[in-house]
Amino acid sequence: FEPILEEQGVFTTLRLLNGHPQLLARHLERLRRSCSQLALPDDWSDPPILALVRRKGAEEGVWRIKIA
C-alpha cells in the first residue's frame with residue numbers, strides 16, 4: 001500500500017465582470033487570513049493575479065484561486 005497524503009489548502013471563488021475581478025481585495029485578504037491559520041505561504045501579492053486575468057483575456061466568468 002502507498003500512503004495517502006492529505007493536502008491542506010484554501011481557495012476562493014470570484015466573479016470576473018468586464019475583465020475585472022469583483023471584490024478582489026476582500027477575496028485575497030480572506031485567503032491570506034486562511035493561509036496564516038494553516039501555516040501556508042501568504043507572501044504572494046495581488047498584481048500577479050491581475051496580470052494573469054489580463055493575459056488570459058477573460059472578460060466574464062468565475063475564477064477559483066487555490067493555494068496549497
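# Close-up views of a predicted model

**View A. Arg 33, with a relative accessibility of 45%, counts as partly exposed.** The structure shown in this and every other view is a predicted model. Arg 33 forms a salt bridge with Glu 29, and the closest N and O atoms of the pair are 4.0 Å apart. Glu 29 is also partly exposed, because its relative accessibility of 42% falls between the limits of 20% and 50%. Why are Arg 33 and Glu 29 separated by about one helical turn? The reason is that the two residues stand four places apart within helix H1. The count of salt bridges in the model comes to one. Side chains of opposite charge can pair in this way when their charged atoms come close.

**View B. The protein chain as a whole is built from two helices and three strands.** Followed along the sequence, these elements come in the pattern β-β-α-α-β. The radius of gyration of the protein chain is 14 Å, well over the 11 Å that the globule rule gives for 68 residues, and the chain is therefore more spread out than a compact globule. Along its principal axes, the C-alpha trace spans about 50 × 25 × 15 Å. Of the 68 residues in the protein chain, 25% are buried. When contacts between residues at least 6 apart in sequence are considered, 65% of them join residues that are at least 24 apart.

**View C. Three strands form an open sheet, in which they are arranged in the order E2-E1-E3 with antiparallel pairing.** Strand E2 (20-21) and strand E3 are found at the edges, where each has a single partner strand, so one side of each is left without a neighbour in the sheet. The antiparallel pairing of E1 with E2 runs over two bridges, and Leu 17 has His 20, in E2, as its bridge partner. Helix H1 packs on this sheet and touches E1, E2 and E3, while its direction makes about 175° with that of E1. Helix H2 likewise packs on the sheet with contacts to E1, E2 and E3, and its direction makes about 140° with that of E3.

**View D. The largest nonpolar core of the model is made up of ten residues.** Its members are Val 10, Leu 14, Leu 24, Leu 28, Leu 31, Cys 35, Leu 40, Ile 49, Ile 65 and Ile 67. At least two residues of this core come from each of three elements, namely strand E1 (10-17), helix H1 (24-37) and strand E3 (61-67). Which element supplies the largest share of the core? That share, four residues, belongs to H1. Leu 28, one of the core members, touches Trp 44, Asp 46, Ile 49 and Ile 65 when residues up to four places away in sequence are not counted. In soluble globular proteins, nonpolar side chains tend to be buried together.

**View E. His 27 is found in helix H1.** Is His 27 buried or exposed? Its relative accessible area is 10%, and His 27 is buried because this value is under the limit of 20%. Apart from residues up to four places away in sequence, His 27 touches Thr 12, Thr 13, Leu 14 and Gln 22.

**View F. Asp 42 has its place in the loop between H1 and helix H2 (46-56).** With a relative accessibility of 34%, Asp 42 counts as partly exposed. If its neighbours within four places in sequence are left aside, Asp 42 is in contact with Arg 32, Cys 35 and Ser 36. The C-alpha atoms of Asp 42 and Leu 28 are separated by 9.7 Å, and these two residues are 14 residues apart along the chain.

**View G. Asn 18 lies in the loop between E1 and E2, and Leu 23 is found in the loop between E2 and H1.** The phi angle of Asn 18 is near 50°, which is a positive value in a residue other than glycine. Leu 23 has a positive phi of about 55°, although Leu 23 is not a glycine either. Asn 18 is exposed, because its relative accessible area of 57% is over the limit of 50%. Leu 23, at 53% relative accessibility, also counts as exposed.

Note on methods: Residues numbered from 1 in each chain as written. Predicted model: local features only at pLDDT ≥ 70, side-chain atom pairs only at ≥ 80, totals over all residues. Heavy atoms only, no water. Core = buried A, V, L, I, M, F, W, Y, C linked by side-chain atoms within 4.5 Å. Buried < 20%, exposed > 50% of the residue type's maximum accessible area, 1.4 Å probe, protein only. Contact = heavy atoms within 4.5 Å. Salt bridge = Lys/Arg side-chain N within 4 Å of Asp/Glu carboxyl O. Pairing = 2+ DSSP bridges. Axes fitted to C-alpha atoms, helices over the stretch in contact; angles between N-to-C directions. Rg over C-alpha atoms; globule rule 2.2 N^0.38 Å.
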